[in-house]
4 protein chains.
Amino acid sequence: MRSARVDRLAMDAPDDVSAIAALFASGEVAPEQVIAILGKTEGNGCVNDFTRGFATQSLRLLLGAHLAPERVDAVSMVMSGGTEGGLSPHWLVLSETQAPESSAEAPAASGPSLAFASVATRPLSPSEIGRPAQAALVRDGVYAAMAKAAIAAEDDVHFVQIKCPLLTSDRIAAVAGDVATQETLKSMGLSRAASALGVAEALGEAPPATQAQIGTDWTLWSSRASASAGVELMCCEIVVMGMSSAWTGPLAIAHAVMRDAIDAPAVQQLLQTIAPEVPPQEASTRVEGVLVKAEASPEGTIRGLRHTMLQDSDLASTRHARALVGGVLAGVIGRTDLFVSGGAEHQGPPGGGPVA
Amino acid sequence: MRSARVDRLAMDAPDDVSAIAALFASGEVAPEQVIAILGKTEGNGCVNDFTRGFATQSLRLLLGAHLAPERVDAVSMVMSGGTEGGLSPHWLVLSETQAPESSAEAPAASGPSLAFASVATRPLSPSEIGRPAQAALVRDGVYAAMAKAAIAAEDDVHFVQIKCPLLTSDRIAAVAGDVATQETLKSMGLSRAASALGVAEALGEAPPATQAQIGTDWTLWSSRASASAGVELMCCEIVVMGMSSAWTGPLAIAHAVMRDAIDAPAVQQLLQTIAPEVPPQEASTRVEGVLVKAEASPEGTIRGLRHTMLQDSDLASTRHARALVGGVLAGVIGRTDLFVSGGAEHQGPPGGGPVA
Amino acid sequence: MRSARVDRLAMDAPDDVSAIAALFASGEVAPEQVIAILGKTEGNGCVNDFTRGFATQSLRLLLGAHLAPERVDAVSMVMSGGTEGGLSPHWLVLSETQAPESSAEAPAASGPSLAFASVATRPLSPSEIGRPAQAALVRDGVYAAMAKAAIAAEDDVHFVQIKCPLLTSDRIAAVAGDVATQETLKSMGLSRAASALGVAEALGEAPPATQAQIGTDWTLWSSRASASAGVELMCCEIVVMGMSSAWTGPLAIAHAVMRDAIDAPAVQQLLQTIAPEVPPQEASTRVEGVLVKAEASPEGTIRGLRHTMLQDSDLASTRHARALVGGVLAGVIGRTDLFVSGGAEHQGPPGGGPVA
Amino acid sequence: MRSARVDRLAMDAPDDVSAIAALFASGEVAPEQVIAILGKTEGNGCVNDFTRGFATQSLRLLLGAHLAPERVDAVSMVMSGGTEGGLSPHWLVLSETQAPESSAEAPAASGPSLAFASVATRPLSPSEIGRPAQAALVRDGVYAAMAKAAIAAEDDVHFVQIKCPLLTSDRIAAVAGDVATQETLKSMGLSRAASALGVAEALGEAPPATQAQIGTDWTLWSSRASASAGVELMCCEIVVMGMSSAWTGPLAIAHAVMRDAIDAPAVQQLLQTIAPEVPPQEASTRVEGVLVKAEASPEGTIRGLRHTMLQDSDLASTRHARALVGGVLAGVIGRTDLFVSGGAEHQGPPGGGPVA
């Protein structure tokens with residue numbers, strides 16, 4: 001039977017892949033078993049964050065030493081920049097292994113287990129970024145990845161991580177300005193927004209998005225989408241994670257929605273639900289990975305109190321938001337290598353976000 | 001009997017004193033009852049943060065409309081810049097009122113209550129900033145403020161907030177370079193350090209500091225000091241808060257030490273200790289004010305995981321640290337108007353800090 | 001006869017008005033003679049730049065000690081934040097004095113001289129900011145100021161400095177979202193744009209602007225407009241400067257247009273034209289004040305070479321642009337107390353700007 | 001005879017080596033002819049600037065496709081981060097070609113021509129960074145590179161570009177804290193300082209530096225050193241450029257010293273001296289490359305006027321300084337692809353810097 005493995009590994013710099021190299025050298029994970037690698041890198045997470053591209057180039061060099069080029073291309077690499085506050089740069093390596101045959105001594109685990117798969121859409125035209133065409137491509141990609149992962153139902157999907165492209169001056173010029181926005185920073189938000197609405201549609205959380213709704217109608221959102229935009233790709237890379245009876249092993253995944261940026265109880269409850277036998281102070285040793293989205297609440301307040309994230313011209317609001325949500329979660333879970341990704345347009349309610 | 005009152009009021013901008021003006025207009029607090037005003041303002045909290053001075057000037061204008069100039073000078077105004085993450089700019093107005101005579105219907109409360117008083121040291125010479133002379137001045141100031149507040153013992157002191165000066169190019173030149181450091185940003189840290197060690201000495205937590213220890217020997221620290229440096233003053237303003245039997249009323253204060261930046265359990269325990277009858281989810285409605293210090297752990301890690309606060313040349317580590325600790329506390333307490341002050345040299349253990 | 005005086009004075013901090021106080025104390029300028037005070041302050045020049053408000057409050061306190069409140073209100077105070085690169089914070093005090101009667105020894109100067117006057121429009125509704133209504137108000141204000149300054153013809157106007165309001169979350173909410181943009185930083189640009197097009201219309205440089213043109217159609221621009229947006233006012237303050245035969249004295253004003261951000265020759269030529277007898281190396285001692293607008297060229301290049309101002313999420317493009325243009329001008333003129341103001345929408349050609 | 005070639009090529013991102021690939025593909029330059037590649041990349045130029053490492057890795061990948069690994073190692077790659085203001089990211093590829101035999105139609109050029117060579121020192125221990133040991137290594141490296149380039153005399157050297165290492169938390173820990181400074185950002189300055197004093201010693205401009213002088217005694221400086229620190233190497237890479245009779249061709253190099261950051265006349269004079277027949281407005285078409293150092297004047301003023309570079313906690317002074325000097329030079333030369341490198345400790349007089 002298929003079995004999921006997750007390795008969370010420290011990173012000393014965006015090009016430090018030594019921990020992954022050591023994992024391969026140890027023989028515990030073979031390069032060909034890797035499905036996806038998520039990286040939380042230490043750039044600003046905005047337009048000119050080259051730590052994502054640097055990390056990706058470094059991963060490709062490492063994998064290229066083991067795998068054929070087309071197999072390297074098949075590994076989904078989702079880099080998310082920004083380790084504000086106390087967040088710790090790290091890799092999450094998702095691998096698919098083969099569970100040993102069950103025997104009298106080691107009977108097959110019963111019940112479903114963590115399952116995942118990744119797909120990449122075709123490259124987008126700059127004109128499609130942040131528009132319904134992108135949402136439709138992502139929707140179809142979610143279905144394709146579910147099939148690949150043998151996740152049977154929409155409700156069994158607990159997280160969809162999407163890496164999507166953004167606009168640059170060159171790309172805008174390449175389509176003669178026929179784009180959703182002329183502003184490069186804004187294009188990151190619209191691209192994330194379109195991706196999230198594609199997930200929402202796939203999972204039955206929202207109807208197909210119209211142009212006017214993308215990045216505007218915050219009543220539409222997915223409880224399981226997490227999108228992150230980067231300059232280094234033109235397609236959308238989609239990693240679907242969920243529970244499947246076709247997989248076995250000790251790992252499980254669940255999700256919750258933080259209703260605002262400081263909703264620690266939602267996370268405490270999630271831990272309680274998924275593993276009621278683990279006392280809170282042991283969470284840090286039992287949680288294999290945390291994926292969460294963060295954003296500044298667009299109305300400028302948190303529980304009625306003004307925040308300054310949207311007025312700060314020195315520091316992008318996404319940087320503020322990652323620091324804040326990283327702090328809230330680190331307080332609950334007791335560790336800082338959390339995959340907190342900024343910009344949660346249509347990913348959870350306004351000011352809140354999904355956590356898995 | 002003396003009685004303490006704390007008003008936590010929102011601020012729309014550093015010069016927005018309208019909520020305090022309204023408090024005076026309501027008759028609930030008279031301007032002459034005000035002992036100290038703490039302000040969390042939305043600047044960068046570093047050298048060129050003029051929001052502190054702007055807030056102070058605005059407060060002085062407001063108070064000057066009600067009080068004689070020397071009485072305005074007697075009000076301690078401690079502005080702390082930086083509302084990173086989700087922190088909300090706000091004022092904490094500390095007033096001393098007179099408790100009504102006890103009667104059959106309203107018997108006098110038994111036991112000690114919150115008490116506070118403020119003093120200002122003489123102006124420092126730029127040569128004294130960050131040196132033992134500053135620590136000694138602060139130590140004497142703590143004793144003077146305890147006497148003023150009728151706080152009987154060192155153990156009854158739960159928080160000492162100090163506002164202290166920093167060096168600028170002009171000030172360094174004025175003493176011909178005879179200063180603890182030539183670097184203005186670094187002088188903020190040394191000034192906070194000397195202040196904290198003065199408190200530690202006063203409260204019996206550490207011996208008198210030598211020059212070599214200030215800003216260096218992190219084994220010396222106070223569990224109750226909070227120092228904040230600003231360009232707008234040359235003296236040290238000291239507000240001592242504690243419990244006193246000479247005061248009455250419903251308010252109490254207690255303190256704890258966060259051993260690192262994500263030590264949420266220390267805060268949960270403190271809430272439990274001071275008010276065991278209040279369920280956690282009601283903390284946000286019962287806590288009248290939160291005072292806490294934050295800093296990036298100097299060794300570059302939190303519980304063994306690397307943070308990037310000290311390597312980030314775009315964003316000062318104090319800004320990262322306030323965002324992080326603000327998130328941890330907001331998750332526990334459920335609100336964001338927390339007085340999180342950056343730069344915790346000798347204020348709690350390295351990477352941690354006192355909370356009251 | 002009327003006579004113009006310009007005092008350029010250093011500022012040690014946004015609230016340092018000591019040099020102006022000294023000017024008054026010296027008797028050389030009386031407070032009632034002050035028409036306008038421009039201040040280049042050391043904030044970030046963006047939404048959360050409180051140095052402008054702090055400087056204005058400090059100026060009002062100083063003037064209020066000499067003048068009646070309504071007379072203080074009549075002094076135009078135009079603060080522009082941002083001293084990136086080597087720019088030096090300074091005040092430009094514009095006063096109207098009375099020229100001494102001409103005599104045999106001191107005959108009246110012949111020909112026109114520097115003249116100026118200021119007006120303020122009525123407060124704008126947040127809904128008017130960045131829209132044609134603002135442009136129309138500014139246009140009428142320019143005519144009113146020309147009349148006040150006895151500047152006879154549009155061609156005699158050489159600079160129009162406008163301070164205009166921006167949108168904040170509160171202001172957007174106050175008009176239920178009926179605004180030109182929901183984004184506060186963007187509102188600064190639209191407000192400057194509408195102001196500039198109002199000047200362009202007044203001076204016959206462009207037809208009345210339509211909504212669609214404001215902030216979009218860069219073929220429309222004024223060669224003499226300089227607009228700066230700030231949170232501290234809701235009206236537009238307009239200072240018109242030009243040449244008038246009704247004024248006398250040694251000062252003159254002229255303007256040129258930098259066709260791009262590095263167009264030093266335009267400035268060299270302007271100096272040559274206005275004072276052909278002054279050798280270049282003496283410019284720094286003869287120029288009494290320099291007013292200029294700067295912006296990142298919207299197409300992302302300067303003379304065909306890519307710049308990174310619009311991709312830098314750590315540093316606003318207006319900050320880059322002020323530093324750049326400040327460097328170009330400091331190289332030509334030999335001093336750094338230049339009033340370089342960022343954001344040159346419709347103020348000079350795209351990427352360039354007017355200089356006076 | 002040996003002949004120098006310089007190609008200045010645009011870069012769309014730190015990993016965009018396409019223009020160099022095209023140069024190789026064109027056959028005009030062979031990969032084995034490349035001596036050094038300088039890159040001006042668009043990071044912040046400070047501790048966490050990964051654009052330098054990303055560019056270097058990308059260059060190595062490109063060269064590695066053409067050359068053996070040890071030959072790739074022999075190419076000096078000097079990346080300098082920071083394109084503030086209007087600076088344009090670009091590569092400077094220095095190659096050594098063979099001049100064609102002279103003939104009747106094309107007689108050998110007479111007189112000396114541009115010559116260059118590069119060497120790398122051994123790796124430094126973290127304990128050596130910013131100390132006399134580093135200066136001595138650089139001094140010896142300069143002599144070695146002069147010999148390699150056949151530059152006969154110290155006076156024929158016009159620029160020495162050094163890339164040197166910096167301290168990180170890990171490196172400090174590796175030598176148990178026996179380092180010149182505990183502060184990573186400060187270590188960049190000390191490393192540049194030690195390198196520059198090594199050049200000054202080699203060129204007879206200053207005696208061997210003592211520990212106390214490095215980063216302190218600004219009366220010691222080289223008129224031809226340019227040092228840049230980066231996290232991606234532990235040795236010092238040294239490129240010496242000068243004039244040599246052993247080389248032929250149309251290129252020449254000369255240097256001048258800007259006495260402060262706005263010393264445009266020094267650059268105008270240099271252009272005039274090296275090519276008196278070229279009118280100023282043609283400089284942009286005749287200058288093949290500009291190398292210059294920039295820094296904030298340590299006393300806080302430029303020609304007596306205060307600058308704010310050293311008080312700005314949002315923006316490192318090196319970023320301000322590059323923007324400023326880039327503006328000054330772009331005004332003179334008329335283009336923005338200038339190799340302006342920040343941090344000019346002992347490289348030119350305080351606040352000024354060498355330009356070649």
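**Chain contacts, symmetry and cysteines in the predicted model**

Across the interface of chain B and chain A, five salt bridges are found. The model described here is predicted. In one of the salt bridges, D312(B) pairs with R319(A), and the closest N and O atoms are 3.1 Å apart. Polar contacts between chain B and chain A amount to 16 residue pairs, with both residues at pLDDT 80 or more. On the side of chain B that touches chain A, at least two residues each come from α7 (264-274), β13 (305-306) and α9 (317-333) of chain B. The most is given by α9(B), which contributes eight residues to that side of chain B.

The contact involves 36 residues from chain A and 36 residues from chain B. Together, chain B and chain A bury about 2,600 Å², and 54% of this area lies on carbon and sulfur atoms. Of the area that chain B buries against chain A, 22% is supplied by G85(B), L305(B) and R306(B), more than by any other three residues.

The arrangement of the copies was examined next for chain A and chain D. Two copies of a chain are related by a rotation about an axis and a shift along it. Chain A is superposed on chain D by a rotation of 180° with 0.0 Å of shift along the axis, at an RMSD of 0.0 Å. This is the relation of a two-fold axis. Within chain A, the C-alpha nearest the axis belongs to F54(A) and is 2.8 Å from the axis. Of the interface residues of chain A, 100% are also interface residues in chain D, so the copies meet through the same surface.

The cysteines were considered last. A disulfide is a covalent bond between the sulfur atoms of two cysteines. Over all chains, the count of disulfides is zero, the cut-off being a sulfur pair within 2.5 Å. Two cysteines illustrate this result. C46(A) is buried, and its relative accessible area is 2%. In chain B, the sulfur of C164(B) has that of C236(B) as its closest cysteine sulfur, but the 5.3 Å between them is also too far for a bond. C164(B) is likewise buried, with a relative accessible area of 0%.

Key. Residues numbered from 1 in each chain as written. Chains lettered and ligands numbered in written order. Predicted model: local features only at pLDDT ≥ 70, side-chain atom pairs only at ≥ 80, totals over all residues. Heavy atoms only, no water. Buried < 20%, exposed > 50% of the residue type's maximum accessible area, 1.4 Å probe, protein only. Least-squares fit on C-alpha atoms with pLDDT ≥ 70 in both. Contact = heavy atoms within 4.5 Å. Buried area = accessible area lost by both parts, 1.4 Å probe. Salt bridge = Lys/Arg side-chain N within 4 Å of Asp/Glu carboxyl O. Polar contact = N/O pair within 3.5 Å; in protein donor to acceptor, adjacent residues only side chain to side chain. Helix = DSSP H or I, 4+ residues; strand = E, 2+ residues; numbered from the N terminus.
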